[in-house]
Amino acid sequence: PGVPFVGGDTAKQRDLAADTHEAGVALTTNQGLKVSDDQNSLRAGPRGPTLMEDFHLREKITHFDHERIPERVVHARGAGAHGVFQVYEPLTDLTTAAPFQDSAKETPVFVRFSTVAGSRGSADTVRDVRGFAVKFYTEEGVWDLVGNNMPVFFIQDAIKFPDLIHAVKPEPHNEIPQAQSAHDTFWDFVSLTPESAHMLMWLMSDRAIPRSYATMEGFGVHTFRLVNAEGRARFVKFHWKPLKGVFSLVWDEAQKTAGKDPDFHRRDLFDAIERGDFPQWELGLQVIEEEDEFEYGVDILDPTKIIPEEVVPVRRVGLMTLTANPGNFFAETEQVAFHVGHVVPGIDFTNDPLLQGRLFSYLDTQLRRVGPNFAELPINRPLQPVDNNQRDGMGRRQIDKGRVAYFPNSLAHGCPMQSPEAADAFRSYAEKVDGAKVRVRSASFGDHFSQAALFWNSMSTWEQDHIAAAFSFELNQCTDSLVRQRVMDDILGNIAPDLAQAVSARTGLSLAGAKPHPPSVPDVGRSPALSQDRRA
Ligand code: HEM
């Protein structure tokens with residue numbers, strides 16, 4: 001059967017549909033042989049043993065035996081949809097990136113929402129961060145904006161990511177607990193990792209239990225770069241603003257729903273698209289001039305910090321509409337391979353140490369999870385032809401023609417390979433980098449509590465109540481008294497005394513004496529730490 005696209009029919013969807021197998025009338029083996037009986041194996045007599053020569057039985061069962069690929073090491077549980085992105089007006093002053101050049105053009109997208117910690121079969125409504133990954137199929141290649149529904153992250157350096165994830169996943173000896181937080185190991189880790197304080201506030205807030213995917217914000221988290229045709233670069237933070245507004249569940253609803261309908265978010269997204277109630281988000285940009293890099297009192301390379309929207313307003317530049325469900329979950333949602341390193345001309349990276357590590361990790365994990373030729377799969381391949389000297393590998397589909405697979409060469413007459421000097425090729429932004437090799441965190445990353453406190457102070461009374469209740473629920477599950485006390489003293493006590501007080505009232509823990517966190521950098525914008533970093 002063809003892929004049942006309900007909404008638009010974008011170039012990407014046509015591409016996928018063309019790849020879909022049209023089932024014939026007769027059932028065949030993988031070699032195209034018509035099968036006489038698919039329900040009885042070949043036996044020596046009606047009650048006799050099954051014969052080894054039954055190639056149809058063997059092919060059917062062995063293919064089934066190999067159906068699973070490894071689930072994602074994180075973000076294993078997810079749901080996806082096709083759609084389009086359209087910019088409101090050309091952003092040629094800011095960037096050459098293809099989706100932003102023409103307001104009449106629709107760029108096909110595929111979006112995957114996910115939880116982080118749970119396995120592929122876990123429940124949707126757990127307390128967790130949500131992934132918000134968008135693949136743009138542009139005419140200049142694939143651009144992936146691989147974000148979350150929270151604007152900051154737990155750690156400042158990718159080298160800590162395996163530690164964070166090992167702490168958040170079930171404990172290795174008994175694979176308990178499967179619930180996302182409510183963990184001795186998680187609270188142990190974060191109590192010893194003060195840079196996670198700001199993210200903890202988001203995680204204990206109602207943002208971590210969204211009502212639906214359609215009512216979540218999305219964030220690129222890191223500071224990226226936009227580069228225009230003159231080669232001028234500006235810093236940018238990406239935002240997705242849901243047109244339906246931001247809504248959450250309350251904890252009691254979330255817990256009950258996890259039991260009654262573990263597919264709650266997945267079903268909601270699928271059903272909404274089927275009935276034509278297409279989810280929409282506006283893409284927002286916070287643009288920062290290069291010369292203003294140090295103006296905002298935080299280091300814009302630190303992924304545990306936001307630039308408040310009151311300080312740098314979010315400019316809404318375009319609309320994304322999800323119009324069609326995947327025709328096949330495995331082929332599309334499971335095999336889709338997002339990567340922060342998939343960029344197009346006009347988008348570039350910064351030296352955020354978390355982003356830098358991610359640039360390595362995604363390709364690496366996808367080579368293992370989906371295989372060396374994952375980019376050839378219909379959901380991953382770009383709209384335009386791919387032409388390079390890579391070859392072979394497990395599952396290769398492309399049949400490369402010609403005699404040479406190297407460059408430079410003089411033997412490839414008629415070879416369509418473009419010169420690497422093509423005018424519209426991607427060129428990395430020529431940022432000047434000059435520094436001593438050190439394993440040192442910049443002092444400008446040192447203030448871990450100001451924005452956690454800012455978050456707490458910006459909440460209404462009932463939101464604060466939910467946050468205090470969430471911390472208390474979690475700490476009451478935590479079995480290690482030293483860990484509980486450390487969360488109180490070293491984290492909550494440093495964020496806000498009234499938060500610590502509210503948690504104390506619900507847990508019986510008392511604030512034994514907050515250990516003030518030493519590196520506090522009150523005016524980072526003009527601090528010697530930052531300017532020194534720049535000189536280094
Ligand atoms: C997967 C976001 C940090 C490694 C994902 C996905 C999202 C995401 C949305 C799911 C992609 C999908 O739907 O297929 C983020 C954000 C981060 C972050 C916003 C921080 C700001 C990191 C870091 C690492 C990492 C620091 C490693 C150093 C991975 C891996 C996957 C993944 C290995 C699985 C990818 C796959 O198997 O396809 N991340 N992540 N992430 N992330 Fe991250």
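**Close-up views of a predicted model**

**View 1. Arg358 and its contacts.** Leaving aside neighbours within four places in sequence, Arg358 is in contact with Ala158 and Val340. The model shown here, as in every view, is predicted. Arg358 sits in helix α9.

View 2. Arg112 has 24 other C-beta atoms within 10 Å, so it is buried. Which residues does Arg112 touch, not counting those up to four places away in sequence? They are Gly78, Gly80, Gly131, Ala133, Thr333, Val336 and Phe338.

**View 3. The shell around the ligand.** The ligand is surrounded by 28 residues. Arg72, His75, Arg112, Gly131 and Ser361 are the closest. Four elements each supply at least two residues of this shell: β2 (107–115), β3 (130–138), β4 (141–148) and α9 (353–369). Which element gives the most? Helix α9 does, with eight residues. By class, the shell divides into 14 nonpolar, 10 polar and four charged residues.

**View 4. His75 and Asn148, the annotated active site.** UniProt, in an unreviewed entry, places the feature "active site" at His75 and Asn148. The two span 74 residues in sequence, yet their C-alpha atoms are not more than 10.5 Å apart, so they gather at one spot. His75 lies in the loop between α2 (55–65) and β1 (78–87). Asn148 lies in strand β4. His75 counts as buried because it has 23 C-beta neighbours inside 10 Å. Asn148 counts as buried too, with 23 C-beta neighbours inside 10 Å. Not counting residues up to four places away in sequence, His75 touches Ser114, Val116 and Gly131. With its neighbours within four places likewise left aside, Asn148 is in contact with Val129, Arg130, Gly131, Phe132, Phe219 and Val221.

**View 5. Strand β6 and its two partners.** Strand β6 (residues 224–227) pairs with strand β7 (residues 233–242) in the antiparallel sense, over four bridges. The two strands form a hairpin with five residues between them. Gly231, in the turn, has a positive phi of about 85°. Strand β6 also runs antiparallel to strand β10 (residues 347–348), joined by two bridges. What stands opposite Arg225 in β7? It is Phe235. In β10, the bridge partner of Arg225 is Asp348.

**View 6. Helix α4 and its packing.** The buried residues of helix α4 (residues 184–191) are Phe186, Trp187, Phe189, Val190 and Ser191. They pack against α3 (161–168), α5 (197–203), α11 (461–477) and α12 (481–495).

**View 7. Where α3 meets α4.** The axes of α3 and α4 come within 7 Å and cross at roughly 145°. From α3, Asp163, Leu164, Ala167 and Val168 take part in the contact. From α4, the residues they meet are Thr185, Phe186, Asp188 and Phe189. By class, this contact has five nonpolar, one polar and two charged residues.

Notes: Residues numbered from 1 in each chain as written. Predicted model: local features only at pLDDT ≥ 70, side-chain atom pairs only at ≥ 80, totals over all residues. Buried ≥ 20, exposed ≤ 12 C-beta atoms within 10 Å, placed from the backbone. Contact = placed C-beta atoms within 7 Å. Axes fitted to C-alpha atoms, helices over the stretch in contact; angles between N-to-C directions. Nonpolar A, V, L, I, M, F, W, Y, C, P; charged D, E, K, R; others polar. Near = placed C-beta within 6 Å. Pairing = 2+ DSSP bridges. UniProt positions renumbered as here; feature names shortened; annotations may be inferred.
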